[in-house]
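I set out to record the pockets, cavities and ring contacts of this model. The entries below follow the order in which I looked them up.

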Amino acid sequence: MTLMKDCKNGLIGDSVKAVAADEGMDEKELAALVAKGFVTIPKNINKRRETKPIGIGKMMSTKINANIGTSRDYIDVEDEILKAKTAVRYGAGSIMDLSTGGDLDGIRKQILAEISVPVGTVPLYDAAASAPMVVEMTADDMFNAVRRHAEQGVDFVTVHAGINQNTVSKLMKSGRIMDVVSRGGSFTVAWMIHNDAENPFYKEFDYLLEIAAEYDMTLSLGDGMRPGCIHDASDAPMFEEILVLGELVLRARAADVQTFVEGPGHMPIDQIQTAVHFMKQTCCDAPLYLLGPIVTDIAPGFDHITSAIGGAIAGAAGVDFLCMVSPSEHLALPTAEDIKTGMQVTKIAAHAVDLVKTGQRERAKESDNKMAAARKKLDWETQYRLSIDPVHAKKIRESRNSESEACSMCGNLCAMKIVEQELEKGKIKNTEKTEKYQK
């Protein structure tokens, strides 16, 4: 029995109850959304540690994922654990281990043991690492990697099952500048071309569903054709893959396997809403998970900002799950400080989305209203407490101390203080006039 199957049968388990409590909604209503595939709660049944379940999708608060992982150039497991814990401390609802260097099984087991939120992986990286060359993997290598990750307790896996021969044909004719920037997508395309064969994850998707159902592991249907630059956005390969993903979502739901769908990477602002609406409709309102979109290509070192801009627009259009992008995107493996900065900015974008999201806007507005009231009262402690990062906010104010109770920008010329005083005087005068008139 999978969580989706339970919900279809009207059975409400602990995960659904916990998420319903966190989201402030009725348990039966949430179970109905899970049963339809509109909400995903990633949680492998083969757990070796307790994790806090999260709900991703319709009516849910916007969640954030943070990517970590070793590379063949830099292998330091403790550093990756530190990054993961930093991301969780600053609001990450899940962690993805994208390691490609070192003892991948050992690294994954350590992350699973020490991280308290759902963990995702890309099994294809593991399969590729075990082969002499990427193109020499076998289909068995790919599926064995998926099963191994499932057995170890991974909550969700990215599989680039939406790439098929038709997609590759469109890629060859597309005129893209950057071809394929998804690592898993590039492995898949290279393997297909070299072996003149269909993508095993697409061809044998039913087998993939069997493994996922056995462990109740969520499938994150990967965007192997995501555009890697503004020029390549919204082209035929991208939309062709989305069409295939829509078909796979329906097959997964029929097999009682939870899914969410990954989306575009680089995209100009005026194309984001159209792309998100197309994905939502084509993929039958499955939860959407986007990296960015990154809205310009000329901001290396600031892609946490370009990504947050795109993420806020995408979220307002219907995206449910944002992938944190660090300042070092396109430049280097991120540090723990990069992860912290990326999380801070992405958390702002996620809250901005919740302010306009059905099922969340009232709860989100409540915290903004409390902040506004605290600002009017010049109640600094409450302002710090309500901040995205209280420590950061307090540090800035105290580093530029003002003799006034207001901030150092305005001091005794504080707009709110001046107007409040005069408004109070005005109210007294109006009261006196009213009493005089009544007499």
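**Entry 1: the largest pocket**

I began with the largest pocket and noted a volume of about 1600 Å³. The model is a predicted one. I listed 47 residues in the lining of this pocket, and those nearest its centre are Lys347, His351, Leu386, Ser387 and Ile388. I then sorted the lining by element: helix H2 (14-23), strand S3 (63-68), helix H15 (336-354), helix H16 (361-376), helix H17 (380-386) and helix H18 (390-399) each give two or more residues. H16 provides the largest share, with eight residues. By class, I recorded 19 nonpolar, 13 polar and 15 charged residues in the lining of the largest pocket.

**Entry 2: the second largest pocket**

I next took the second largest pocket, for which the volume is about 1100 Å³. Its lining holds 49 residues, and Asn67, Leu98, Arg226, Leu291 and Glu329 are the closest to its centre. At least two lining residues come from each of S3, helix H4 (77-89), helix H9 (183-195), strand S8 (259-263) and strand S9 (288-291). I noted that S9 gives the largest share of this lining, three residues. The lining of the second largest pocket divides into 23 nonpolar, 17 polar and nine charged residues.

**Entry 3: enclosed cavities**

How many cavities of 30 Å³ or more are there? I counted three.

The largest cavity has a volume of about 70 Å³. I listed its lining as Asp97, Ser99, Leu104, Arg108, Thr121, Val122, Tyr125, Asp126 and His149. Helix H5 (104-114) and helix H6 (123-129) each contribute at least two of the lining residues. The classes are three nonpolar, three polar and three charged residues.

For the second largest cavity I recorded a volume of about 60 Å³. Its lining consists of Asp223, Met225, Arg226, Met238, Glu241, Ile242, Leu245, Glu262, Gly263, Pro264 and Met279. Helix H12 (236-254) and S8 are the elements that give two or more residues to this lining. H12 supplies the largest share, four residues. I sorted the lining of the second largest cavity into six nonpolar, one polar and four charged residues. Arg226 is named both in this cavity lining and among the residues closest to the centre of the second largest pocket.

**Entry 4: aromatic pairs**

I then turned to the rings and counted eight aromatic pairs. One of them joins Phe143 and Phe201 edge-to-face, at 5.2 Å centre to centre and 90 degrees between the planes. Phe143 belongs to helix H7 (residues 139-152) and Phe201 to helix H10 (residues 200-203), so this pair ties together parts that are 58 residues apart in sequence.

Why is the pair of Tyr289 and Phe321 tilted? Their ring centres lie 4.5 Å apart and their planes stand at 35 degrees, so the pair falls in the tilted class. Tyr289 is in strand S9 and Phe321 in strand S10 (residues 321-323), so the pair ties together parts that are 32 residues apart in sequence. I found both Tyr289 and Phe321 to be buried. The two also belong to a cluster that ring pairs form from Phe156, Phe260, Tyr289 and Phe321.

**Entry 5: charges over rings**

I looked up two arginines over rings. Arg183 lies over the face of Tyr125, 4.9 Å from the ring centre. Tyr125 is also one of the residues lining the largest cavity. The charged end of Arg397 sits over the ring of Trp380, 3.9 Å from its centre.

**Entry 6: Met142**

Is Met142 buried or exposed? I recorded a relative accessible area of 3%, so Met142 is buried. Met142 is placed in helix H7. Leaving aside residues up to four places away in sequence, I listed its contacts as Leu124, Ala127, Met137, Trp191, Pro200 and Phe201. Phe201 is thus in the contact list of Met142 and is the ring partner of Phe143. As a last item I noted Met142 and His330, which are 188 residues apart in sequence and 27 Å apart in space, C-alpha to C-alpha.

Conventions: Residues numbered from 1 in each chain as written. Predicted model: local features only at pLDDT ≥ 70, side-chain atom pairs only at ≥ 80, totals over all residues. Heavy atoms only, no water. 1 Å grid on protein atoms, 1.4 Å probe; cavity = no way out; pocket = protein on both sides within 12 Å on 5 of 7 lines; lining within 4 Å. Points joined across faces, edges and corners; volume = space filled by probe spheres on them. Nonpolar A, V, L, I, M, F, W, Y, C, P; charged D, E, K, R; others polar. Phe/Tyr/Trp six-rings, centres within 6.5 Å; stacked < 30°, edge-to-face > 60°. Buried < 20%, exposed > 50% of the residue type's maximum accessible area, 1.4 Å probe, protein only. Lys NZ or Arg CZ within 6 Å of the ring centre and 35° of its normal. Contact = heavy atoms within 4.5 Å.
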